[in-house]
Amino acid sequence: MTGAAGLKRAVCTTCLRAQSACICRWITPVSAQAHLLILQHPLEVGNAKNSARLLHLCVTGSVMATGEAFDAGVLDSLLHVDGRTPVLLYPATPDDAGLPAPPPMPALPADALRLVLLDATWRKSRKMLYLNPTLQRLPRLGLTDVAPSNYRIRKAHAPHQLSSLEAAAQALGQLERAPGRFSPLLDAFDGFVAQQAAYVHACTARSLASDASQSDEQGVNRLAGH
Ligand SMILES: [Zn+2]
């Protein structure tokens with residue numbers, strides 16, 4: 001191989017992806033009454049399918065921090081920076097003896113709340129909850145109140161199978177009692193997913209073409225051997 005692979009790839013400074021895979025065209029600015037705090041697990045940072053950064057770039061004023069076990073002081077300031085009440089987007093876990101029962105959801109309008117989203121696999125989000133007692137003590141918002149009109153959310157088998165972006169769009173709409181208000185986020189997500197699929201398809205096609213040319217070379221070698 002040549003040394004080209006060792007050259008630094010040009011990276012988009014906004015979405016932090018290679019410029020050839022930039023997702024910035026899908027950024028759709030939306031403002032939400034609730035503030036959004038995204039706590040991203042380190043394993044998700046380089047995951048091409050991860051939707052959290054697109055979510056962060058779309059939702060005005062959202063904050064994204066990466067970590068698994070957060071420094072208590074840092075987490076505290078992220079949660080309480082402007083006096084809003086943080087609520088954790090996470091289902092109830094009545095059968096999990098290792099987690100204390102969370103306080104009830106406060107009866108506050110969306111603009112007094114901070115929605116906290118754990119961007120991780122289901123297993124890792126549980127680990128984040130275990131490792132950060134502050135998060136365990138937050139009231140929880142579950143996605144039980146899924147709007148019947150929202151087919152794409154309903155067709156997911158369980159809330160935790162939604163992408164971070166889809167879950168946040170649903171939760172923000174739930175908090176504002178306006179289920180469809182964040183559908184532009186879902187449209188952005190559709191474009192993002194289509195781009196990822198096309199990218200994988202292109203990579204597969206390149207790989208197949210490379211295999212084919214290697215086969216051709218072998219064919220040529222075989223012919224030359226005769
Ligand atoms: Zn970009």
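This section describes the confidence of a predicted model, its zinc site, its aromatic pairs and the setting of one proline.

Residues are numbered from 1 along each chain as its sequence is written, and side-chain values use heavy atoms, with hydrogens and water left out.

The pLDDT, the predictor's confidence in each residue on a scale from 0 to 100, has a mean of 84 for the protein chain, and 81% of the residues reach 70 or more. In residues 147–151 the pLDDT falls below 50, and this stretch makes six contacts (heavy atoms within 4.5 Å) beyond near neighbours in sequence.

The zinc ion is coordinated by the SG atoms of C12, C15, C22 and C24 at 2.3 to 2.4 Å; donors are N, O and S atoms within 2.8 Å of the metal (3.2 Å for Na, K and Ca), and sites may look incomplete as water is not among the atoms. Along the chain these donors follow the spacing C-x2-C-x6-C-x1-C. Angles among the four donor atoms span 101 to 115° and the site is tetrahedral, a class that requires all angles of four donors to lie between 85 and 135 degrees. The ideal angle for four tetrahedral donors is 109.5 degrees. Both C15 and C22 are buried, where buried means under 20% relative accessible area, exposed over 50% and partly exposed in between (1.4 Å probe, protein chains only).

Two aromatic pairs are present; rings of Phe, Tyr and Trp (its six-membered ring) pair if their centres lie within 6.5 Å, and planes under 30 degrees apart count as stacked, over 60 as edge-to-face and the rest as tilted. Y90 and W122 are stacked, at 5.4 Å centre to centre and 15° between the planes. Because Y90 lies in the loop between β3 and β4 and W122 in helix α3 (residues 122–131), this pair ties together parts 32 residues apart in sequence. Y90 is buried at 4% relative accessibility, while W122 is partly exposed at 37%. The F189–F192 pair is tilted, because its ring centres are 6.1 Å apart and its planes lie at 35°. F189 and F192 both belong to helix α7 (residues 183–225), helices being DSSP runs of H or I with at least four residues and strands runs of E with at least two, numbered from the N terminus.

P109 is located in the loop between β3 (85–89) and β4 (113–119) and is partly exposed at 49% relative accessibility. Its C-alpha atom is separated by 8.6 Å from that of Q33, 76 residues apart along the chain.

Notes:
This is a predicted model: local features need pLDDT of at least 70, side-chain atom pairs count only at pLDDT 80 or more; totals for chains, interfaces and linings use all residues. Four donors count as tetrahedral if all angles lie between 85 and 135 degrees; four count as square planar and six as octahedral if opposite donors are over 155 degrees apart and all others between 65 and 115; anything else is irregular.
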